[in-house]
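Q: Could you take a close look with me at one part of this model, a pair of helices and the way they meet?

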Amino acid sequence: VSTVFRFVLAGVWLYAGGIKLTQPGGAREAVIAYRIFPASWVDFLGWALPALEVGLGALLLLGLFTRAASIVSALLFTAFIIGISSVWIRGYSIDCGCFGGGGDITEAGKTWRYTSELLRDALFTGMACWLIVFLRLPLPLWLYVVGHELTHAIWAIAFGARVKAMKISRRGGHVVLNRTHFLITLAPYF
């Protein structure tokens, strides 16, 4: 799960940042549309934000500084949620500029657009938070070993074998059975 989340977030950041870096002005129009930052910050943020996104994507893709990249990702997605909520509450109708573009647009479909953008960013925030927690705690590895060895035991019982002993630790585990065959051996990998 963590690897999938890491690659999904890497793809999102690389695509979003890459698109904006290839546009004239970067994300300048999107930054202006939010009406949050002073005009003197707009040019800097229009290029810094996409560069940060590409940097985060590269770190996550390569698996370098994954925890730090996940923390920054969660904070950035939270900032996006706050920004989108802010323009919605203030009555503006904008294209968020998350994947290029940005700026003022028509009112048509505003509720659906903002709702879907907020849910999308909440999902990405959750993925980043999962990576932060998963990379910090040793518990997930132990839970994986428990699930792996229990799968062997359950399949053994289903095929009429008897479980003599089971040992599980952070370093691995094993199940001792009175008999086995290839389905019991391969069960955790199905």
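A: Happy to! A helix's expected span is 1.5 Å multiplied by one less than its number of residues. Keep in mind that the model is predicted.

Let's begin with H1, which covers residues 2–22. Its 21 residues reach 30 Å from the first C-alpha to the last, close to the expected 30 Å. Buried positions in H1 are Ser-2, Arg-6, Leu-9, Ala-10, Val-12, Trp-13, Ala-16, Gly-17 and Lys-20. Viewed down the axis of H1, these buried residues fall within an arc of 165°, so they line one face of the helix. On the face turned away from that buried side, H1 carries the exposed residues Val-4 and Thr-22.

The buried residues of H4 include Thr-66, Ser-73, Leu-76, Phe-77, Phe-80, Gly-83 and Val-87. After H4 comes Gly-91, with a positive phi near 85°.

How do the two helices sit together? The axes of H1 and H4 come within 12 Å and cross at roughly 55°. H1 and H4 are therefore oblique to each other, and their crossing is left-handed. In terms of side-by-side partners, Arg-6, Leu-9, Val-12 and Trp-13 of H1 meet Thr-66, Ser-73, Leu-76, Phe-77 and Phe-80 of H4. On the H1 side, Arg-6, Leu-9, Val-12 and Trp-13 are among the buried residues; on the H4 side, Thr-66, Ser-73, Leu-76, Phe-77 and Phe-80 are buried too.

How values were computed:
Residues numbered from 1 in each chain as written. Predicted model: local features only at pLDDT ≥ 70, side-chain atom pairs only at ≥ 80, totals over all residues. Heavy atoms only, no water. Helix = DSSP H or I, 4+ residues; strand = E, 2+ residues; numbered from the N terminus. Buried < 20%, exposed > 50% of the residue type's maximum accessible area, 1.4 Å probe, protein only. Arc of directions from axis to C-beta. Axes fitted to C-alpha atoms, helices over the stretch in contact; angles between N-to-C directions. Parallel < 35°, antiparallel > 145°, perpendicular 65-115°, else oblique. Left-handed = near helix turned anticlockwise from the far one by under 90°. Contact = heavy atoms within 4.5 Å.
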